[in-house]
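Hello,

Here is the structure I promised to pass on to you. Have a look through it, and then read on for what turned up.

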Amino acid sequence: MTVAGEKKRGTGMRILSRQPKLGAKRMNAIPRAESSLTAHLLLDLYRADSRLFLSSPSHTLLAQDVIDEVPHSDDPLGQRVQLALNQASAKGHPNAVAAGAIPFDVGQRAALGVVRALLRAGPLTVSPPPLPAAERYATRAVPSGENYAAGVAQAIANIHAGYLDKVVLARVLELAGRHPVDARALLTRLAARNPRGYTFSVEVGEGRTLLGASPELLVSRYQGVVRANPLAGSAPRSSNPLEDRRRAEALMESAKDLEEHRVVVDAVKESLAPLCKMLNVPRRPALMHTETMWHLSTEISGTTRADALTLALALHPTPAVCGYPRSVARELILQTEPFDRGFYTGMLGWVDARGDGEWIVAIRCAEIAANTLRLFAGAGVVRDSQPDGELAETTAKFRTMLDAMGVAHDAASGAAPEVAA
């Protein structure tokens, strides 16, 4: 997130919680709102099959007038996107933008389309719509909690054996209801509950929509200024203020979480440095929070000539969603997770012909198709991880979507309680 640090009174914690004061050059680099558009109008124009809706702390974007698709082939994705933008410009669309989502496995088909222009407005401030009448969902956890903990235990053994430093293991919570999911209402609730995050909806093909509220900016690039905001190391929030503060302080002192965060930040620095003329990396993380989680956060900034998609592809997938070393972690994920991640832990966003753009990490999300949802959550496994602790972290992360749906938290165990649609 684009946020500034403040010290919490009585502690040494720096908490990321508000927008910074920007100089004139930096302000001009942020996508400016089109005078005739408002964030509420873009939300009104939104459809579940819109190519991209993205609400951030500083702006709201909508892409839905698709004039061409970025084709799937063996050619590098960056080349295919640039060719599609060049062809759009040659056809008389100088403001064309490539927008959509890229899977966890970049070799799979991306959901990227070229739109005539990206509709832009200021930040979205909205009240959540009321929850509809209660409905019973049939739920299924994949893998089960017991099997997930067993997979984490095996991953810890591999780490102790020296095969890798970190791996992120995920699980899915499948929900099936009797009525179609109201994507607009769910998107609005997410935006209302997560004003500091990135609320998004992406049409990913075959009648499916990826919808969520990610806390994590992968990378942005505006007029040569690059920003990345890796998150790693998490703790669930508490409704009790004293307990919530205790958890935040414990996270800042946790050797396990600080090590997990260091691995991610070092990898991001290593990937961006060859593409940047200057790179600023803070020595210690700060705290960032959403409605449900505390996170260790580092804001990295610099200058570059590379375009936003090139930067994003150099980073993806980061150790925050895959692990380190990347190739070993990816192989362990394929062996351990009994499902295809698809666009979960991929990235979503946009890039224009000038190279400006932003890409968000696709987490805290669900894939919607008619009356079914597939919720995703993962946890970073390192040397000092505990299987029960990582299982509890994934359960806490499911809360972002479950709260927005009005679903009882015990649904994450695979039960089928009475819940709201």
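P325 is placed in the loop between β21 and α9 (326-336), where helices (H or I, at least four residues) and strands (E, at least two) are DSSP runs numbered from the N terminus. A cis peptide bond with omega of about -10° joins Y324 to P325. H316 and P317 are also joined by a cis peptide bond, with omega about -10°, and P317 lies in the loop between α8 (308-315) and β21 (323-324).

Before you go further: this is a predicted model, in which local features need pLDDT of at least 70 and side-chain atom pairs count only at pLDDT 80 or more, while totals for chains, interfaces and linings use all residues. Residues are numbered from 1 along each chain as its sequence is written, and side-chain values use heavy atoms, leaving out hydrogens and water.

Two loop residues have a positive phi without being glycine. E206, with phi of about 55°, is in the loop between β12 and β13 (208-214). R364, with phi near 50°, lies in the loop between β23 (357-361) and β24 (365-369). Are they buried or exposed? E206 is exposed, because its relative accessible area is 76%, whereas R364 is buried at 6% (buried means under 20%, exposed over 50%, partly exposed in between, with a 1.4 Å probe and protein chains only).

Next, strand β3 (residues 52-55). L52 and L54 point one way from β3, F53 and S55 point the other way, and all are buried. β3 pairs with strand β4 (residues 60-63) in the antiparallel sense over four bridges (pairing needs at least two DSSP bridges). The two form a hairpin with four residues between them, and L54 stands opposite L61 in β4. β3 is also joined by four bridges to strand β12 (residues 198-205), again antiparallel, with S55 opposite T199.

Y46 and F53 are edge-to-face, 5.7 Å centre to centre with 65° between the planes. Y222 and W350 have centres 6.3 Å apart and planes at 45°, so their pair is tilted. This pair links distant parts of the chain, with Y222 in strand β14 (residues 217-222) and W350 in strand β22 (residues 347-352), 128 residues apart. Both Y222 and W350 are buried.

Happy reading!

Definitions and conventions: Phe/Tyr/Trp six-rings, centres within 6.5 Å; stacked < 30°, edge-to-face > 60°.
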